[in-house]
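Trainee: I have a new model open and would like to learn how to read it. Where do we start?

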Amino acid sequence: MILKDKIEQQLPEWRERVRKLVRENGDVKVGDVTIAQVYGGMRSVKSLVTDISYVDPVEGIRFRGHTIPEILKLLPKPDGAAMPYVGGLYYLFLVGSAPTAQQAQEVETEWKKRGKVPQYVFDVINSLPPDAHPMTLFTLAVLTLQRESLFSKKYHAGIQKDQYWEPMLEDSMNLVAKLPEIAAYIYRLKYKNGDIIPSDPDLDWGANFAHMMGVPDPLYKDLSRLYFLLHSDHESGNVSAHTTHLVASSLSDIYYAASAGLSGLAGPLHGLANQECLNWLLSVKEECADCAYDKEALRQFAWDTLNSGQVIPGYGHAVLRKTDPRYTAQLEFGKKYFPEDEIFKLAALVYEVVPDVLREQGKAKDPWPNVDAISGSLQYHFGVKEFDFYTVIFGVSRILGVSANAVWARALGQPIERPKSLTTAMLEEIAQKAKA
Ligand SMILES: CC(C)(COP(=O)(O)OP(=O)(O)OC[C@H]1O[C@@H](n2cnc3c(N)ncnc32)[C@H](O)[C@@H]1OP(=O)(O)O)[C@@H](O)C(=O)NCCC(=O)NCCS
């Protein structure tokens, strides 16, 4: 397999680089940790390593060193498509350099070979009550596939430690290959009376998802590719990425680890944020007719939201200090293809008003929009209006990043995670001594 060969070629050099760094500089300090950080969710504590993505406070996310606009130019696209093959992104994540069109297609072909979802996964999905949340179904489907794990079988058969990454890669390819069909199945089962659309072997991974969702507009194929690309990875400290890494660090396979990551993604402070943004936009539309064209009315509405003690969803970021380039890529997509869409237009107008309002209020460190401020309105345009499902699409995308990271963590022999905890009394004592 192309990905295996390419990783294998780089491994001796990578392993030596890491060994040398730790051997010769193991005691060099990376940073300090304050009591506020210990009690504050470990915010900004530098204690993880990934070479796949990095969030620059000004430029936003870089994948393997490339910004989002660069990535959109760099990665090969299917004939006639505006957005790249997702297989090409996965190649970039795993290999470290951009693929040729043929290399991206090879990854796509591998996924096609591995894409068949076993019936028992659908049986498990079907066995849940109709009101089960789509994220529960999706997470459970990924966990159910665990019986397919090659890593688990090979580990118990006594595989050598330096080969752990090979079955991890196989498992990751097998899992990723099945995600579009599983996700679309859940959508059609829950919201389209179980009228399932079979997979089309002629389509690439991203387009096949769009096809199985049953969205008639062909442009949804490009939106799907774009969405999967933008949400795939965001360093290692966010909840879904860190959870996956932590669970995999105990040598759990990718099915256990990724389903745990998805459980984290299901939380309202993480993957559910995009539906809150769309909800807010819809409330603007319903409660303030003038807001669609009158910036002053919109400004007042934003202030009313803040004065009622709520946040403006989709604005602000823990790390970024300017407009999230993932927001900009989606804004440009909407501007190009459906600038007159009512909700999209409103989202674009909010961008002209809300940053100033947040600056005036003076609380948010970052007054600019994040990725969630607009992604829901694009889905809405294509008729995917079931908010609960949005996190599943995010999850499909996020597994690309977390699984690629898991392969490299195995390849570089990253150990089990085991930070140290203290008691509150110990922290009080440390504080007293520091003041004395
Ligand atoms: C994304 C977010 C969670 C980052 O949190 P953070 O790093 O703690 O943000 P800050 O350090 O800038 O927060 C400082 C203050 O500004 C407030 N603030 C930040 N973003 C805000 C927003 N969009 N609207 C109103 N107030 C906001 C915070 O609530 C906080 O107030 P507090 O001191 O009363 O607790 C935060 O900006 C937010 O809640 N945004 C809205 C929800 C959202 O878009 N979530 C999606 C995340 S990708």
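Mentor: Start with a cut-off. A residue is buried when its relative accessible area is under 20%. Keep in mind that this is a predicted model.

Trainee: Which residues of α11 are buried?

Mentor: The list is Leu219, Tyr220, Asp222, Leu223, Ser224, Arg225, Leu226, Tyr227, Phe228, Leu229 and Leu230. That is eleven of the twelve residues, so α11 is mostly covered, given the cut-off of under 20%.

Trainee: How do I check the length of a helix?

Mentor: Compare its end-to-end span with the span expected at 1.5 Å a residue. Helix α11 covers residues 219-230. From first C-alpha to last, α11 reaches 17 Å, close to the expected 16 Å.

Trainee: What about helix α15, how far apart are its end C-alpha atoms?

Mentor: They are 18 Å apart. Helix α15 has 13 residues (295-307), which should span 18 Å at 1.5 Å a residue, so the two values agree.

Trainee: Why do positions three or four places apart matter in a helix?

Mentor: An α-helix has 3.6 residues a turn, so residues three or four places apart point the same way. Now look at the buried residues of α15: Ala297, Leu298, Phe301, Ala302, Trp303, Thr305 and Leu306.

Trainee: What covers the buried residues of α15?

Mentor: The cover includes α14 (273-287) and α17 (342-361).

Trainee: And what should I look for at the ends of α15?

Mentor: At the start, look at Asp294. One of its side-chain oxygens comes within 2.9 Å of the backbone nitrogen of Glu296. Just after the helix, Gly309 has a positive phi of about 90°.

Trainee: Is Arg114 buried or exposed?

Mentor: Arg114 counts as buried, because its relative accessibility is 13%. This residue belongs to helix α5 (residues 101-114). Setting aside neighbours within four places in sequence, Arg114 contacts Met1, Glu170, Met173, Asn174, Ala177 and Lys178.

Trainee: Now the ligand. How many residues surround it?

Mentor: There are 17, and the closest are Arg43, Ile312, Gly314, Tyr315 and Lys365. Sort the shell by class: nine residues are nonpolar, four polar and four charged.

Trainee: Which polar atoms should I check?

Mentor: Look for N or O atoms within 3.5 Å of each other. A ligand oxygen is 2.6 Å from an N or O atom in the side chain of Lys365. For the side chain of Lys363, the distance to a ligand oxygen is 3.1 Å. Ala364 uses its backbone: a polar atom there is 3.2 Å from a ligand oxygen.

Trainee: How much of the ligand's area does the protein bury?

Mentor: Alone, the ligand exposes 850 Å², and the protein buries 66% of that.

Terms used:
Residues numbered from 1 in each chain as written. Predicted model: local features only at pLDDT ≥ 70, side-chain atom pairs only at ≥ 80, totals over all residues. Heavy atoms only, no water. Helix = DSSP H or I, 4+ residues; strand = E, 2+ residues; numbered from the N terminus. Buried < 20%, exposed > 50% of the residue type's maximum accessible area, 1.4 Å probe, protein only. Contact = heavy atoms within 4.5 Å. Polar contact = N/O pair within 3.5 Å; in protein donor to acceptor, adjacent residues only side chain to side chain. Near = heavy atom within 4 Å. Areas by Shrake-Rupley, 256 points an atom, 1.4 Å probe, with all protein chains shown as cover. Nonpolar A, V, L, I, M, F, W, Y, C, P; charged D, E, K, R; others polar.
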